[in-house]
Amino acid sequence: MEIEKSYIVYLGAHSHGLNPTSVELDAATTSHYDLLGTVLGSNERAQEAMFYSYTGQINGFAAVLDEEEASQIAKDPNVVSVFPNRKLKLHTTHSWEFMGLEDKVGLPRHGSLWKKAKFGENTIIGNLDTGVWPESERFNDQGFGPIPSKWRGACHFDTKDKVRCNRKLIGARYFNKGYLAYAKLNNATIPPNVMVSPRDQEGHGSHTLSTAGGSFVHGANVFGHGNGTAKGGSPKARVAAYKVCWPSFPGTTEGGCFTADILAAFDAAISDGVDVLSLSVGGDAVEFSEDGIAIGSFHADKNGIVVVCSAGNSGPAPSTVSNVAPWMLTVGASTLDREFSSYISFGKGKHMKGKSLSSRSLPSRKFYPVISGANANAATASPEDSLLCLNGTLDPKKVKGKILVCQRGKNARTEKGEMAALAGAVGMVLVNDEASGNEIIADPHVLPATHLTYADGKRVFQYLNSTKTPFAYITPVKTVYGTKPAPFMAAFSSRGPSAIEPSILKPDVTAPGVDIIAAYTGAAGPTESKSDKRRPRYITESGTSMSCPHVSGIVGLLKTLYPSWSPAAIRSAIITTARRRDNNEESILDSTKEQATPLAYGAGHVNPNRAANPGLVYDLTTDDYLNFLCARGYNASLLKLFSDKPVKCSNTSSIADLNYPTIAIPDLQDKPITVTRRVKNVGTPGTYVAHVHTPAGVSISVKPQKLEFKSVGEEKEFKVTLKANGKVGNPDYVFGELKWSDGKHSVRSPIAVMRT
């Protein structure tokens, strides 16, 4: 018996018009039964086999046939073609394909961590953020079994904004006492519309939580762009929302995420039984003992919870990275190979590619007059302010019916579009200032718009200055896949070295964080303006806030696959298997198109499938962290913040000897420095050989150069000695790599050295 498959039989177009009668529609279906019946032997069998009859403007049908029957019907002179009903992927949360978890049709690749880890089944991911929009399809519990017995959490349902949990969204709490205390102390008025519940009214928390652990949802898109199946990194994980971030107060006082609330949420999450905690939250780096996230994550780590944090959006300046404790995984942001492109055309072959996610487009090929914001200033505004398209700086009489050119800076990118629209502009060209360089973002503008680089922006101004009657056209947004090079580092992604402890290389890794599609709130428009009445189910956002939950989702998979592994082992697996090459097989670049360094991407771009089989891991215990803090000068009273038992510091404790998977030496002088590391075998028995790529001007020796492992769990120690060669001119970081390899696994550790 031949294997049956579903096929589409395409017959071209119907003879009836745009508005067929019921008689014509019935006749079309009958003709399909007749045609298929000639092959299957009867119209009755044809009706059983057919599951679609296309009777509108497409003429054809879909049916279950075997290969011989499909071949036979293809010979009919009325048949245009017969082809299999293929499973196609509509490309949303394209990042998982980019990272190798799925193929181009949305199926797990051979060796995919998704398959090995059963899509993160029953791992519990907690998210400290702005809450959750529980009605989002990304949190539906279809196909989920009973809630894991280890869960001890709660759902704050008894509020005005009722948040219903289910077997997917198993917990939802809110913490606002720190927020309320701040308001009282600063005489700030709580916004009357604030949702005092776990409900997300800003969209950030729903976006991050769905990225980490959202369910499969078909047909996800942003204004029709990026169509496809959305899914989180651990789509079968259970998720819990901890609302710790709150809206701004009326006037100029910003809201935020207060440390008191964050610590309360950590405390609750640890008791609730989460496996992973994701925090797309941070500020300026401060000493660990004064850092609520560092303290909370230390206690979470001690209880076996992996904490993943965003690196911050203060790049590309050095030493801006936040969340730098060694017991957390810190994630930078880089691009995907997907763009939402929109061109600006000035005619005569002048075209420049920008990015946009505008929900509206201009009439096809219609050119409009163009004006610079600097020339559209209101009587009370300076050209410098009107070029930035700040609120109240534009003259509607000058702007109406034109495409307005606005420069990036001071106010939000989407706010510039709102100001342009309010002034009567038909479209906007957003151009970068010099500091923003090549970093362009696809934003959900309220009018047709495109965002150009600094170099292209200069070309726009040259054109405006070259003619008295400038005209232009903005093309509709188009989703483009396979762009190169990718990834490259986002300019906004905060850079190392750590201002608190440069001996720990931060960030640890990078992950997709630019133009990421995920769930949104139903309480606000994508520009967060009161005048924006759009309520999309999904939006794109950019930031290390978006890259962090990608890694949280991958951690969820590893937790499912290796439930007995320590948080440090899981972090090590992710760090030592990261890749440093882009899709051109070249070194990862910065947004300036210069070669990026480990101060931007840490160990490299996360590589989930390889992380499932790291070979060796650099493990750590709570005692290791306490020795590290001792070496940093912490005394017994300070260490009580981190430990529930008395700690006695050893005189031999060394910061450089913390068993971290990377090596950072911030002050290599004339005297050689030796660091000690130990690795644990989590793969097959074998012999690993050390390979060193030495930083410029530094010599490195590794002893021993071979490590033989006879069993799983066996640990071996080695020492790395670094020595400066000659005198140094301008002190700066140089980079290298230590790789342990047994022929099957490559365990890579970046080396960052500052010669002083």
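How many disulfides does the count come to? The count comes to four. The model behind this report is predicted.

## Disulfide pairing

Number the bonded cysteines of the protein chain in sequence order. The pairing then reads 1-2, 3-4, 5-6, 7-8.

Take Cys-155 and Cys-165. A disulfide joins them, with an S to S distance of 2.1 Å. The link is right-handed, with 85 degrees about the S-S bond. Both cysteines lie in the loop between β5 and β6, so the pair ties together parts that are 10 residues apart in sequence. Cys-155 is partly exposed, at 27% relative accessible area. Cys-165 is partly exposed too, at 26%.

## Two further links

Cys-245 and Cys-257 form a disulfide, and their sulfur atoms are 2.0 Å apart. The torsion about this S-S bond is about 110 degrees, so the disulfide is right-handed. Cys-245 sits in strand β10 (residues 245-246) and Cys-257 in strand β11 (residues 256-257), 12 residues apart. Is Cys-245 buried or exposed? Cys-245 is buried, with a relative accessible area of 5%.

Cys-389 lies in the loop between α10 (383-387) and α11 (396-399), while Cys-406 belongs to strand β18 (residues 403-407). The two are 17 residues apart. Cys-389 is buried at 0% relative accessibility. Cys-406 is buried at 0% as well.

A disulfide needs the two sulfur atoms within 2.5 Å. Cys-548 is in no disulfide. Cys-309 is buried, with a relative accessible area of 0%. Cys-548 is buried at 0% too.

## Nonpolar cores

The largest nonpolar core has 47 residues. Those with the most contacts inside it are Leu-128, Tyr-242, Phe-266, Leu-277, Leu-279, Phe-288 and Trp-327. Several helices and strands each supply at least two residues, among them β5 (124-129), β9 (238-243), β12 (276-279) and α18 (622-631). Which element gives the most? Helix α8 does, with six residues.

A second, separate core has 35 residues. Val-306, Ala-511, Ile-570 and Ala-612 are included in this second core.

## Strands and their partners

Strand β6 (residues 169-174) is mostly covered, with five of its six residues buried. Five bridges join β6 to β9, and the two strands run parallel. Tyr-174 stands opposite Lys-243 in β9.

Elsewhere, five strands form an open sheet. Their order is β27-β34-β33-β29-β31, and the pairing is mixed. β27 (663-668) and β31 (706-709) stand at the edges. Each has a single partner strand, so one side of each is left without a neighbour in the sheet. The twist averages 20 degrees from one strand to the next.

Inside this order, β29 (residues 686-693) and β33 (residues 733-741) run antiparallel, joined by five bridges. Which residue of β33 is the bridge partner of Val-689? The partner is Ser-741. In a regular strand, side chains alternate between the two faces of the sheet.

Definitions and conventions: Residues numbered from 1 in each chain as written. Predicted model: local features only at pLDDT ≥ 70, side-chain atom pairs only at ≥ 80, totals over all residues. Heavy atoms only, no water. Core = buried A, V, L, I, M, F, W, Y, C linked by side-chain atoms within 4.5 Å. Buried < 20%, exposed > 50% of the residue type's maximum accessible area, 1.4 Å probe, protein only. Helix = DSSP H or I, 4+ residues; strand = E, 2+ residues; numbered from the N terminus. Pairing = 2+ DSSP bridges. Axes fitted to C-alpha atoms, helices over the stretch in contact; angles between N-to-C directions.
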